[in-house]
Amino acid sequence: MEPSNDAKARRPIKQPVSRRKHIVVAAADQSTETAAPAPATAAPAAEETLDLVIDKSVFLRKFTENALQQVKEGNPEEYYKLVKVFAYSRTASHLAPEKYEEEVTPWISALSSNVSALGIYYRDLVTTIFNSDWVTCNDERFVHRYTTLILQILSAHPAWIPQAMPAMVRWFTYGGRKTDNNAIASLVHDRLHSLIKEIYRTIPTCGASLAAELVKSCPFKKAKSNVQVLFIQNVLRCLEYAIGVRREVLRMVLNHVIQIDVEVQVELEDLDSDDEADADEVIEDEGIFHFEDDEPEAADSAPGAGKIAAGAENSDMGESDGDESGAESDYSSDSESDWESSDGDIDDEVNLEKARINAKKTVAKLDAVMSTIFAWLEKHCQIDLETKEMPESTSKMYLQFLDLFITIVLPTFKSRYTQFFLFYLCAQDPQYADLFLGTMMGNVGEPVRNAAQDRVSNVEKLAAASYLGSFVARAKFLPVRIVRNVIGVLVQWANAYLDWHEEQVQKQLLEGEDARGRLRGVNYSHALGGPASSVLYSDFERHTVFYAVTQAILYVYCFRWRDLAEASGGGPVVESELDSLRWCPEVEGLQRVVFSKLNPLRACSSSVAQQFALVASQTNFMFCYSLLQQNRRKPQDGDANGSSTKNTSNNDQALRAELDTFFPFDPISLPISRQFIDSIYLVWQDVGASASDEEDGDGSGDEAHGNRNEDEDDANEAGVVGQMVAMSISPVMPLSALPGQTFSGKF
């Protein structure tokens, strides 16, 4: 029997299940459709409204369960509607952030109840949750709920970590592009690190995935400077809580910096000059001479001047030849030649200007990245106020830097500035400097070693000797004791090598062996008794390490002779009383090295040899001008300052080039980064000049350099290019002006 109409009217009206399902699915489709309002005559009471809310929450949970189950049974329709709920892009979605938060919030609760079911089968849903732009939403409560959902998923299914890390790391550069909202960039990064930190705390095994993604996501070296800086800042911030990935991350950071560093050198070497205004921004005001294998007169020229002058001369000759040919040909031919020459000049100027702009951008990028890392190092190099020592965490970090330096930076000869990270760290604790010096000396190796058992190549040994000498010369924070110890060890090494070499020569002479293949035809009976300057072995590679060690000694002496001497009364050195200096015992034996039959002054960089001769003479330590002049008057095949012959190997030539030009701690010309280095860096001081004079810029070396630039401005644009390529310590006196004197034997 059908109920009466009055009975129907009195019965409470409920939404049918199909109708409620329609409402929820419509929300999943992000449509504007809403549930049909109940008739006015049946308005729900307050308790009925609460029942409906609870009923909706239960229904969403049930709907989620059914969607996850049905996709396994081959019915993915409702599953993909669920996926669509969480899909959100700040640039592509038609929803405002507030609307997205409102619609997704109830679904977060529903899905949280089904987290245990989100296995690998539901990749689309889980990756959509990870890659949604939730991090840019405004409501902090919504962000908290969303991050909690991500943590629940990863805790229940750690296999999703490799998919979660890319979704988070991609935000490390947020704020570096025009489409980004810079106002919330800092907030976005804070939210990301809060989530990653909690993931790392909850699931420590996620470190490998985090490190791998950081390496993979590192911007290309051509990326814009602000993108590079943001990424490095956030990567280093990860090390605040993810200690286990520090080594891998630091390796990535150093590799990234050294790539830009080398790129700078490649670009600058392709340029001949730059604007004077740019030079003023980066050139360091100190005495300068170029550590290049040039004639003394060429040393006074600005970098690249010879190339510019040669190019101008060739250009003039070309124009002259064109005019003469034009006189013999018709007018049309002459006009075409002029137009072609003019177009070529314009193209060259345009290309050169582009190269300058690119070089400046790369230099600025390198400076920005390095200064970011320096600031991070400064933050983590604070002495423990209780123990008055560096914290153990800092010491561990230094050991990691040192190890990475050996594997990444040491073998890279074109690295100009990356090594200053280690320079800065060594200044923080005397033990750090001791360890670095000991490590470099260990890489140089023993003076006599079986080549078959030697695992370090001559190239690495040469690099280690160069770093050793340059570090001791430039590290202002090194005490006198360390400077003398290093010089003593190097002098002993060189003398031990000479002892071994002379024993080998004597042995070969006594045994009557034909050493022509290895000794390049040198008459050893003459070599053992003749003048030192008459002998230089063309087999440079065989004695490379000896020459590198000797050059390190000479280089250190030029900078630190004040630490190697004392006044006659035992007090500090007085610049005006150089005739009465007493030398420390560590330099005994150096004269034997300089005047040995291996003739290191000829094999070493000519600029270092000349500067050593000048300083040694001014300090009455040693007189070797006559040896330099003899070396110059009697060039031999394959010597370090002459042209190579067919008997000289390619490796031989490469080693000589590196020995001539590689001074790894020469002045840092990056204006921001150098602020971390200036206070611990020893600048050149002329003999007789006080430290205050050098700091005030009144040293004779500064004046000479400044006047030289003013005279050459019309012919050369001395700028960032020349400064960064040139290796320098002080102005050089031409050999023609040096008096020929013999060794005095005075110490």
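Trainee: Is Asn620 buried or exposed?

Mentor: In this predicted model, Asn620 is buried, with a relative accessible area of 17%. The cut-off for buried is under 20%.

Trainee: Where does Asn620 lie?

Mentor: Asn620 sits in the loop between helix 27 (606-618) and helix 28 (625-633). Its phi is near 55°, a positive value in a residue other than glycine. Most residues other than glycine have a negative phi.

Trainee: And what about the phi of Asn599?

Mentor: Asn599 has a positive phi of about 50°, and it isn't a glycine either. Asn599 is in the loop between helix 25 (590-594) and helix 26 (600-603), and it's buried, with a relative accessible area of 0%.

Trainee: New topic: which residues touch the most other members of the largest nonpolar core?

Mentor: Phe86, Leu125, Phe436, Phe471 and Phe612 do, out of 184 residues in that core. Helix 24 (residues 544-564) gives the most to this core, with 15 residues.

Trainee: What does Phe612 touch?

Mentor: Leaving out residues up to four places away in sequence, its contacts include Leu554, Tyr557, Leu590 and Phe621.

Trainee: OK, helix 7. Which of its residues are buried?

Mentor: Phe142, Val143, Tyr146, Thr147, Leu149, Ile150, Ile153 and Leu154. Down the axis of helix 7, those buried residues fall within an arc of 150°, so they line one face of the helix.

Trainee: What do they pack against?

Mentor: Among their partners are helix 4 (77-86) and helix 9 (185-202). On the other side of helix 7, Arg141 and His144 are exposed.

Trainee: Which residue caps the N-terminal end of helix 7?

Mentor: Asp139, with a side-chain oxygen 3.0 Å from the backbone nitrogen of Arg141.

Technical notes
Residues are numbered from 1 along each chain as its sequence is written. This is a predicted model: local features need pLDDT of at least 70, side-chain atom pairs count only at pLDDT 80 or more; totals for chains, interfaces and linings use all residues. Side-chain values use heavy atoms; hydrogens and water are left out. A nonpolar core is a set of buried Ala, Val, Leu, Ile, Met, Phe, Trp, Tyr and Cys residues joined through side-chain atoms within 4.5 Å. Buried means under 20% relative accessible area, exposed over 50%, partly exposed in between (1.4 Å probe, protein chains only). Helices (H or I, at least four residues) and strands (E, at least two) are DSSP runs, numbered from the N terminus. Contact means heavy atoms within 4.5 Å. The arc is that of the directions from the helix axis to the C-beta atoms. A polar contact is a pair of N or O atoms within 3.5 Å; within protein, one must be able to donate a hydrogen and the other to accept it, and residues adjacent in sequence count only if both atoms are side-chain atoms.
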